[in-house]
Every structure is written in structure tokens, then in C-alpha cells.
Amino acid sequence: EPYYISALFQRGFFQQYRQEGNSNSLNIEVKEMPGKKPKNFNGLVGEFELTNSISKTNIKVNEAIDIKLNISGSGNLNLFDDPILDLPNDFDQFDPEIKRNLKTSSNGTSGNISFNFVVVPTFYGDFEIPPYSFSYFDLNEKKYKTLTTGAFKIHVDKPDGEAGEIIKQKKDIAIEETDIRFIHKNNQLTFENSDLKANSIL
């Protein structure tokens with residue numbers, strides 16, 4: 001819609017007058033996204049790059065690992081969804097440290113967003129964290145592109161002093177439908193049939 005303004009002008013102490021005006025209206029044509037959208041596409045449009053690093057790949061149980069992801073480029077980077085790592089069951093994860101360095105101009109938003117994930121293995125063995133990936137639409141090439149990190153392979157050494165000890169992994173623990181099971185000491189019913197009063201408010 002046009003922008004409307006009503007302004008009061010003053011020339012000298014006794015001369016005041018008001019002037020009103022309207023801007024021109026703007027018509028915006030929004031084009032539909034072409035082709036079939038990838039599953040991991042969430043509306044990101046522009047030009048982007050993805051880099052990653054891992055602090056160590058050979059560690060011991062309960063030792064922390066830093067996994068860093070950095071997304072940089074220009075476009076609607078402010079709409080980027082926080083990444084989620086698909087960790088093995090025997091890994092604990094803390095909330096990532098997020099640093100945003102973004103600038104907005106007439107050309108859009110540019111800069112970078114970095115994520116630092118701290119993960120801790122709770123069992124020994126060889127593990128693999130699947131690749132993280134996201135898709136975006138490249139405005140210059142007019143097509144979807146997918147950026148991926150590749151898989152993280154991690155070897156966790158057995159802790160000292162646990163030879164012969166049997167440790168159950170998280171993935172082997174079956175989750176029941178309910179987490180609380182009541183113990184019944186006898187077969188006595190909670191109430192007897194005689195406790196039911198027919199035709200009674202009670």
C-alpha cells in the first residue's frame with residue numbers, strides 16, 4: 001500500500017502550514033519455488049558454504065569431543081534452522097554454543113553462523129556419527145544444492161580397571177510402555193462389589 005504522510009511545516013514564528021502526500025504503491029511478484037524440493041530444504045535461498053571439524057576421533061569413555069559446524073554465505077541466512085546431530089545411543093550431548101555474525105543490507109543478509117557441539121561417549125567401541133546436511137536454492141544457478149559434512153568415525157577406548165566387567169549399552173535397554181510398575185502384595189481388589197451403591201449419588 002502507498003505510504004501516507006501528513007507534515008507540519010513552519011516558516012518563521014507565525015507562518016505554519018500542513019502538507020499531505022502519498023508515495024507510489026509497490027507491486028511484488030513472488031515466484032513459486034521450481035522443481036521438487038529436497039527433504040532437508042527449509043526455505044534457505046542464496047549462496048552458502050558448510051565447513052566442519054572435530055577435536056578428536058580417538059578418546060576414552062566420558063571424554064568430551066567438540067564438533068564444530070560453520071555455515072557462511074549470503075541470502076536469508078537468518079532463517080537457518082539449528083542443526084541436529086544424529087548421535088549414537090551411547091553418546092550424551094550438551095546444548096551447542098552458537099555464535100552469529102550477520103549483517104543485513106539492501107542485498108540481503110550475509111555472514112556466518114557457527115555451532116560448537118560437545119558430545120561425550122558413555123561406552124567404549126567404534127562409533128559413527130552420520131553426516132549432517134542441508135539444502136538451499138542457489139539463485140545464480142537456479143537449482144537446489146545440498147551441503148554435507150561427511151560421517152564422523154570415533155573410536156572410544158575401554159576405561160582402565162574394567163576388565164571382565166559387563167556394562168550394558170543404552171541401545172540394549174528396552175523401554176517399557178510405562179516407567180512405573182506397581183508391586184501388588186496380594187490379590188485383594190481395590191474395592192469390593194458391595195462397595196458399589198446402585199441408584200445412589202455416592
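Visitor: In β8, which residue is the bridge partner of Lys 99?

Guide: Lys 99 has Ser 114 as its bridge partner in β8. Please keep in mind that this is a predicted model.

Visitor: How many bridges join β7 to β8, and in which sense do they run?

Guide: Strand β7, residues 97–105, is joined to β8 by nine bridges, and the two strands run antiparallel. A hairpin of two residues leads from β7 into β8.

Visitor: What about β5 and β8, how do they pair?

Guide: They pair in the antiparallel sense, over 11 bridges. Within β8, Ser 110 is the residue opposite Ser 74.

Visitor: And β6, how many bridges join that strand to β8?

Guide: Three bridges do so, with β6 (residues 91–93) and β8 running antiparallel. Here Gln 93 stands opposite Val 119 of β8.

Visitor: Let us turn to Thr 109. Which strand does Thr 109 lie in?

Guide: Thr 109 belongs to β8, the strand that covers residues 108–121.

Visitor: Is Thr 109 buried or exposed, and why?

Guide: Thr 109 counts as buried because its relative accessibility is 10%, and the cut-off for buried is under 20%.

Visitor: Which residues is Thr 109 in contact with, leaving aside neighbours within four places in sequence?

Guide: With those neighbours left aside, the contacts of Thr 109 are Gly 73, Ser 74, Gly 75, Leu 77, Asn 78, Leu 102, Lys 103 and Thr 104. Thr 104 also has a polar contact with Thr 109, in which the two side chains are joined at 3.4 Å.

Visitor: New topic: the largest nonpolar core. How many residues does it have, and which have the most contacts inside it?

Guide: The largest nonpolar core comprises 27 residues, and Ile 67, Phe 80, Phe 91 and Phe 134 have the most contacts inside it.

Visitor: Which strands each supply at least two residues of this core?

Guide: They are β3 (41–54), β5 (65–75), β8, β9, β10 (133–138) and β12.

Visitor: Take Phe 134, then. What is Phe 134 in contact with, neighbours within four places aside?

Guide: Phe 134 is in contact with Asn 40, Leu 44, Leu 50, Ile 71, Phe 80, Lys 145, Thr 146 and Leu 147. One of these, Phe 80, is also among the residues with the most contacts inside the core.

Visitor: Now the open sheet of three strands. In what order do they come?

Guide: The order is β4-β12-β9, and the pairing is mixed. The edge strands, β4 (58–60) and β9 (125–129), each pair on one side only. On average, and with direction ignored, neighbouring strands of this sheet are turned by 30° against each other.

Visitor: How many bridges join β4 to β12, and how do these strands run?

Guide: Three bridges join β4 to β12, which spans residues 152–157, and they run parallel. As one example, Ile 59 has Val 156 as its bridge partner in β12.

Visitor: How many residues does the protein have, and what percentage counts as buried?

Guide: The protein has 202 residues, of which 24% count as buried.

Notes: Residues are numbered from 1 along each chain as its sequence is written. This is a predicted model: local features need pLDDT of at least 70, side-chain atom pairs count only at pLDDT 80 or more; totals for chains, interfaces and linings use all residues. Side-chain values use heavy atoms; hydrogens and water are left out. Two strands pair if DSSP finds at least two bridges between them. Helices (H or I, at least four residues) and strands (E, at least two) are DSSP runs, numbered from the N terminus. Axes are lines fitted to C-alpha atoms, for helices over the stretch in contact, and angles run from 0 to 180 degrees between N-to-C directions. Buried means under 20% relative accessible area, exposed over 50%, partly exposed in between (1.4 Å probe, protein chains only). A polar contact is a pair of N or O atoms within 3.5 Å; within protein, one must be able to donate a hydrogen and the other to accept it, and residues adjacent in sequence count only if both atoms are side-chain atoms. Contact means heavy atoms within 4.5 Å. A nonpolar core is a set of buried Ala, Val, Leu, Ile, Met, Phe, Trp, Tyr and Cys residues joined through side-chain atoms within 4.5 Å.
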